Amino acid sequence: MKTALTIAGSDSSGGAGIQADIKTMLANGVFATSAITALTAQNTTGVQGIYEVPPEFLKQQIDSVFTDIRPDAVKIGMVSSVGLIEGIAERLRFYRAEHIVVDPVMVATSGSRLISEDAVESLKTELLPLATVLTPNIPEAEVLSGMEIQSPEDMERAAELIGRRFSCAVLLKGGHSLNDANDLLWRDNGCRWFMGKRIFNHNTHGTGCTLSSAIAANLAKGAELALAVERAKAYISGALAAMLDLGSGSGPMDHGWDIGENYGSHEL
């Protein structure tokens, strides 16, 4: 069995972060390991508290995984401080990690910045150049490219600017809602659009975490990048179309929607 490592924060409500990553990786056929960057107290209505892990302990977690169950791919989610970013980058370089998917979580859906300016600069200099593919949304791509994005043509230009700057592929997501489900993949001097299904479901908590983890899982299994993106988009569309409805806010998706009818069934 192939393996994938997720380096991200814990979501106590299970819809995003480490919990969503592990569920997604399992559902996409790989064994998931984890290194937790922060504990959060959160639910479908918001984040009530954050406790960041010390950088040295995060590095110890990464060491524990790589020296025993070496991952075939790595997914990196939100990391909010310079120390964590530098620690991750140093360890990934040391182990020569492959198939690194970075979801550069910097800007909330509301437009609020989630990490400090110095952490953004550290992300740009230390972590993003190690990526196989970045998966920014439009606000994040605006930060990374330094330009406003208001059209499909802008998306193509911004993705190219980002890809050339960090020498990696870029999957620029069309929006925060599945009503804006068309994503753009830039790599090797060319663009390819992936048209998504328009699914009217307000429960979209963890979509970014889920998409990047599904891409990492498929890369771990040996899929070429375009196929990994295609399969990941199909998986997340199914998870949203299952119409799971939990909590009083923007709830989670059904990460297990495609698990078999025996032990994977929702009922005994």
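Leu 172 stands opposite Leu 184 in strand 8. Strand 8 covers residues 183-187, and three bridges join it to strand 7, the two running antiparallel. Two strands count as paired if DSSP finds at least two bridges between them. Helices (H or I, at least four residues) and strands (E, at least two) are DSSP runs, numbered from the N terminus.

Before I go on, this is a predicted model: local features need pLDDT of at least 70, side-chain atom pairs count only at pLDDT 80 or more, and totals for chains, interfaces and linings use all residues. Residues are numbered from 1 along each chain as its sequence is written, and side-chain values use heavy atoms, with hydrogens and water left out.

Back to strand 7, residues 169-172. Strand 6, residues 133-134, is joined to strand 7 by two bridges, and these two run parallel. Leu 134 has Val 170 as its bridge partner in strand 7. Are the faces of strand 7 covered or uncovered? Both are covered: Ala 169 and Leu 171 are buried on one side, Val 170 and Leu 172 on the other. Buried means under 20% relative accessible area, exposed over 50%, partly exposed in between, with a 1.4 Å probe and protein chains only.

Next, the cores. A nonpolar core is a set of buried Ala, Val, Leu, Ile, Met, Phe, Trp, Tyr and Cys residues joined through side-chain atoms within 4.5 Å. The largest one has 44 residues, and Ile 7, Val 74, Ile 76, Ile 88 and Leu 92 have the most contacts inside it. Helix 3 supplies the largest share of this core, six residues. Leaving out residues up to four places away in sequence, Leu 92 touches Ile 7, Phe 66, Val 74, Ile 76, Ala 97, Ile 100 and Leu 130; contact means heavy atoms within 4.5 Å. A second, separate core has 30 residues, among them Val 133, Leu 185, Leu 225 and Tyr 235.

Helix 3 (residues 82-95) also packs on helix 4 (residues 117-127), at an angle of about 10° and with the axes 9 Å apart. That makes helix 3 roughly parallel to helix 4, a label for angles under 35 degrees. On the helix 3 side the contact includes Ile 85 and Ile 88, and on the helix 4 side Ala 119 and Leu 123.

Last, Asn 218, in helix 7 (residues 207-220). Asn 218 is buried, with a relative accessible area of 1%. Beyond its neighbours within four places in sequence, Asn 218 contacts Asn 28, Ala 223, Ala 228, Arg 231 and Ala 232.

Key:
Axes fitted to C-alpha atoms, helices over the stretch in contact; angles between N-to-C directions. Parallel < 35°, antiparallel > 145°, perpendicular 65-115°, else oblique.
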